[in-house]
Amino acid sequence: MVISLGFPGRLTGERSDVNDPDPFRSEVRAWLELNCPSSMRGTAHQRHSPEDTVCWGGRRWVFASDDQRIWLERMAERGWTAPEWPREFGGGGLDHAQAKVLREELACIHARPPLASFGISMLGPALLRFGSEEQKKRFLPPIVRGEIRWCQGYSEPGAGSDLASLQTRAEGRDDHYLVNGQKVWTSYADQADWIFCLVRTDPRAAKHEGISFLLFDMESGGVSTRPITLISGSSPFCETFFDDVRVPKDQLVGEVNKGWNIAKYLLTHEREMISGLFGVGGAAQATVAAIACERIGLSHGRLADPGLRHDIARLAIDTEAFAFTLERVLDEAKAGFGSGAASSLLKYQGTELNQQRHELLMAVGGAEALGWEGKHFGEGALARGWLRSRGNSIEGGTSEIQLNIIAKRILGLPG
Amino acid sequence: MNVERASRSTRLVYDEDERLLDKEAGAFLSEHAGPAELRRLRDTHDPDGFSRALWRQMVALGWAGLLVDEQYGGLGFTYAGAGILSEHCGRTLAASPLFATAIVAATLIGRLASAQQRQQLLPALAAGERLCALAIDERARHDPSAIELSATADGSGFRLDGAKCFVVDAHVADLLLVVARSAGETAGLDVFAVPRQSPGLRVERTLLLDSRNAANLHFDDVRVGADAMLGEPGQAWPALEHTLDVARVCVAAELLGIAGEAFARTVEYLKQRRQFGRPIGEFQALQHRAARLFCEIELARSAVLRALRAVDAADLRLAALASVAKVKAGDAASLAVNEAVQMHGGIGMTDAIDIGLFMKRAASLRQLFGDSYYHTDRYATLAGY
């Protein structure tokens, strides 16, 4: 399960070193100035634009505008859609520090992300670590260029929080596996080109030990999808069915029956991606406060509703502390003493904060926030956004699962 | 302040000097300070409220002059360093003049005083020989905008009348830095350096729950010379506000230390204490409480470090960042000590173990220079709503 916004990385809108003489920064700034189309530079407000402005790429993608296409092509050309991947696989070959500079410069001009991609945020890191050379060469460059859109086949009707109990089976035949079963909460399965999928290859082994990690084309015979309508009215997720799907054996990543390690590694990246979505610093809260000022008004220089004022400021404070934590985790990783378990903290905190933000936006909007359809109500964007946010603490591992991970792996509590 | 300081790291990890200081401070304070030492001060009704022998050792390590420029005999270290020391003082509950003298007074004098006054005041401060205290609050709840203590021009000097409360270390300070409102001016605040032994000044030590130093001051026609005023007339506020923000960030660092230590002791207890035939740390009800607390402490740690970096980098957002740090660390510490008592169960309510000492210190520090309500309000005001 994956969040359905498209804003990887942190957008603070601030440069950390304004007078930095770093030549790389100057180069990036100049290049962006020349190459980022002006329509791809949103204001802080537009950064929370609806999903239809996000570019997901893929075989069937229809660009919303020429600028969207040009922006993706230019960024992909430099490998900056995946800045830290090696150049030989189409990535940017940047180190952590350079990637941070790039993020900051993109944020500074409010650049739209050129590409939202589960291939970049989730599959790529797992392939770089566990994939064969042949697999890296075959799968990574099309991800960088936004040519293949991936979806994630993880959850099943009977395997949610207890993911390792999954039942979708892959039976080894001569040169292929035969896959049968059902996935659920597959983000955009109906629009994706390929799937990375957890399957059970040894039904007799202990539940963590009979799982493998398969890649296959969604156009393969026997694959079908059915969208799930959420309480928000949108359908970002699907049920996905596999009926005798034939998958060539060279599309298994890593060793057979050792897929759980890859699954866990990828989940870490999923958590990081999700927390990155909500790591928007000052800009996001400025929006809540700005909307509140506009709708409720000031009295003697203060927001006229003192209770809301306090809660909005409190959320802004919490969100700043969260943004600094994201920054600290990056700095610690760079200095070589990071801890992998940080992703659980970030996922838990980031999603809880996003939910609080939506609660406050609903309160600020009052009766107007209840609107569901029609131009006057912005097609119900506030209400739908609020309803959608309730899923944040469920998808990608519930808050309770994150707390379990923190308790056991970081705090070392028994049981 | 000086150029070298302003150019230091903005990264949210310690640099090598800071890591060394962190190690040194942790080792020194856990050996020489610690809750047992605080109990001794409390139970013997120590007249000073701190150990002068311990202070001499801290001075020998250079800590009294940590923030003082080298030209006045100090180390000229980063404020991140002051945060590191503060955090370890929180972890160990170390009682010393470090905060009032080496952090607050050193910052205010460094910012506000004339070159001549700095020359006169800072070397003795950095040598640990002159203890100071900032007298600002006049009401139970922190409010620097409500200062009424008056400074009236009188001949060549001034006459001070009014009262102060919650003045840390006042009863042991050699010199009090007194914030006063100049008569006839509404906006103009001044700071006067007033010897504690001045005629007309009564210092009344107050005994607070945390067994640490605080006092009320009564000024009744206290005469000071014109040279007692730090800096230029009516110009004190910017330096004073900066000093308050530095003080808030360092209090936040001390709160972070308290939170971290109370938490570490609690997690250890969850692993040791057995009920129903197993360690209570196996129960998910407690695991999740502990994990949430861990997250709150980590967020507070980021906020404190970011604010310390803001001091060193002369960041224009210091005021807002100091408020963020004070809120996050205050609330994290409050949660940590409350959860510590709850998860320790009955034993946590007793004076036999140290958890209560951390709880009491946290309560005091939360109030010092503004609690979470004050700083949440201030944050909103600074953001324009």
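Start by selecting A:Arg41, a partly exposed residue with a relative accessible area of 22%. Keep in mind as you click around that this is a predicted model.

Next stop: A:Glu368 and A:Arg295. Their closest N and O atoms are 3.7 Å apart, and they form a salt bridge. Because A:Glu368 sits in the loop between α9 (342-365) and α10 (381-389) of chain A, while A:Arg295 belongs to helix α7 (residues 282-296) of chain A, the pair ties together parts that are 73 residues apart in sequence. Colour by accessibility if you like: A:Glu368 is partly exposed at 42%, and A:Arg295 is partly exposed at 43%.

Now pick A:Arg25 and A:Glu105. Here the side chains meet in a salt bridge of 2.8 Å, N to O. This one also links distant parts of the chain, with A:Arg25 in helix α1 (residues 23-35) of chain A and A:Glu105 in helix α3 (residues 96-108) of chain A, 80 residues apart. Are A:Arg25 and A:Glu105 buried or exposed? Both are buried.

**Hop over to chain B**

Select B:Arg39, B:Arg42, B:Asp43, B:Arg91, B:Glu261, B:Arg265, B:Asp351 and B:Asp354 in one go, and you have a network of salt bridges. Over all chains, the structure holds 57 salt bridges.

**Where the two chains meet**

Show both chains together. On the chain B side 43 residues are in contact with 43 residues of chain A. Between them the chains bury about 3700 Å², 63% of it on carbon and sulfur atoms. In chain B, highlight B:Leu12, B:Leu299 and B:Tyr385, which lose the most area to chain A, together 19% of what that side buries.

For the charged part, zoom in on B:Lys328 and A:Asp318, whose side chains meet in a salt bridge (2.9 Å, N to O). There are 6 salt bridges between chain B and chain A, and 19 residue pairs in polar contact, both at pLDDT 80 or more.

Which elements of chain B give two or more residues to the side that touches chain A? Select α8 (237-272), α9 (284-312), α10 (318-344) and α12 (372-382) of chain B. The largest share, 16 residues, comes from α9(B). To finish, colour that side of chain B by residue type: 20 nonpolar, 10 polar and 13 charged.

Notes: Residues are numbered from 1 along each chain as its sequence is written. Chains are lettered from A and ligands numbered from 1 in the order in which they are written. This is a predicted model: local features need pLDDT of at least 70, side-chain atom pairs count only at pLDDT 80 or more; totals for chains, interfaces and linings use all residues. Side-chain values use heavy atoms; hydrogens and water are left out. A salt bridge is a side-chain nitrogen of Lys or Arg within 4 Å of a carboxyl oxygen of Asp or Glu. Helices (H or I, at least four residues) and strands (E, at least two) are DSSP runs, numbered from the N terminus. Buried means under 20% relative accessible area, exposed over 50%, partly exposed in between (1.4 Å probe, protein chains only). Contact means heavy atoms within 4.5 Å. Buried area is the accessible area (1.4 Å probe) that two parts lose on being put together, summed over both. A polar contact is a pair of N or O atoms within 3.5 Å; within protein, one must be able to donate a hydrogen and the other to accept it, and residues adjacent in sequence count only if both atoms are side-chain atoms. Ala, Val, Leu, Ile, Met, Phe, Trp, Tyr, Cys and Pro count as nonpolar, Asp, Glu, Lys and Arg as charged, and the others, Gly among them, as polar.
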